[in-house]
Amino acid sequence: MTTQELIDLLGLKALSTFEHREVHGVFISDMLSDVMAGAKSGNIWITVQTHKNIVPAANLVDVSAIIITHGKNVPLETIELANKHDIAILSTDSETFDLVGRLYSLGLATK
Amino acid sequence: MVECEHQWEMTNTQFAFVVFEKCSHCQVVRSYFSKQDTWDDYMEDEHHWSIVENAQTFRFDLKCSNCGEHVAFDDLAGLLYCTSCLEDCEVEIQRKKYEAEKTWVLVGFGFLPESKSTPLSGAKLQILSDYFNQRRDTSRSTIKIIPNSLITNISLCRGEFIHDVGMLSLEAPGERTPLF
């Protein structure tokens, strides 16, 4: 599955500009240190964190996209930094629990 | 003898805090790893330490899954990304140079004040770069970790650590206080 397919299937809103890529597995955490320690290349990272520091953390471990849940507002400086690093920031009004259920039903799981 | 092509794995992971504190008398900044979330000022000899930042973070070692070589990173305070605050800073110069090659530069920061004069060695930072590159699709981009000694003027540095700040606070996060 690709980030484009994910956007289409889940009705996600793309906030940054990025090159679409393959998605492999899901990682859920609101802590950068968790992500740096445990996320894998190609994972989707689901979080409610919107501070710009999510971008270098995502970039460091090569996640395929960051999905911001609960419809949280993402600061412009976060989006601009994501554009610079080709990091996909996607947004949904869904709660994390609901989004994870839908991802699971699409065959994506923790990897 | 054939040299091992190391495949690094993270091991001995410990989640805790990195504390940055400043002496209100001499303005020296020091940092250390702590298992406690502490914010109290205190006196120590002639110093009066106040916490500047207490961030959640983790520390780890790397171990080669091929040969078992173990490299401790207990001297790594964190990874800092450049915010381009000073155009003539060597970190900003390197960042621009490598960005053109789709290589993202981070600063491997040791603890203060020791790391000002004794930064993490080039060999250790190369191992750290190798580890993060082994974790990623390097056909898209790569990571390069450089020493904090390349920061031209640390007292003016507005780079940001990839740390968890304010996670235990009940207040919404605001702008970060400059550390240095």
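Tutor: Here is a close look at one strand and its neighbours. This is a predicted model: local features need pLDDT of at least 70, side-chain atom pairs count only at pLDDT 80 or more, and totals for chains, interfaces and linings use all residues. Residues are numbered from 1 along each chain as its sequence is written, while chains are lettered from A and ligands numbered from 1 in the order in which they are written.

Our strand is β3(A), residues 44–47. Strands are DSSP runs of E, at least two residues; helices are runs of H or I, at least four; both are numbered from the N terminus. In a regular strand, side chains alternate between the two faces of the sheet. Ile44(A) and Ile46(A) lie on one side of β3(A), Trp45(A) and Thr47(A) on the other, and all are buried. Buried means that 20 or more other C-beta atoms lie within 10 Å of the residue's own, with C-beta atoms placed from the backbone.

Now the neighbours. Strands pair if DSSP finds at least two bridges between them. β2(A), residues 26–28, runs parallel to β3(A), with 3 bridges. From β2(A) the chain passes through helix α2(A), residues 32–38, to β3(A), in a right-handed β-α-β crossover. Right-handed means that, with the strands pointing away from the viewer, the path from the first strand over the helix to the second runs clockwise.

β4(A), residues 65–68, is also parallel to β3(A), joined by 4 bridges. There, Trp45(A) has Ile66(A) as its bridge partner. The crossover from β3(A) through α3(A), residues 54–61, to β4(A) is right-handed.

Conventions:
A residue is buried if 20 or more other C-beta atoms lie within 10 Å of its own, exposed if 12 or fewer, and partly exposed in between; C-beta atoms are placed from the backbone.
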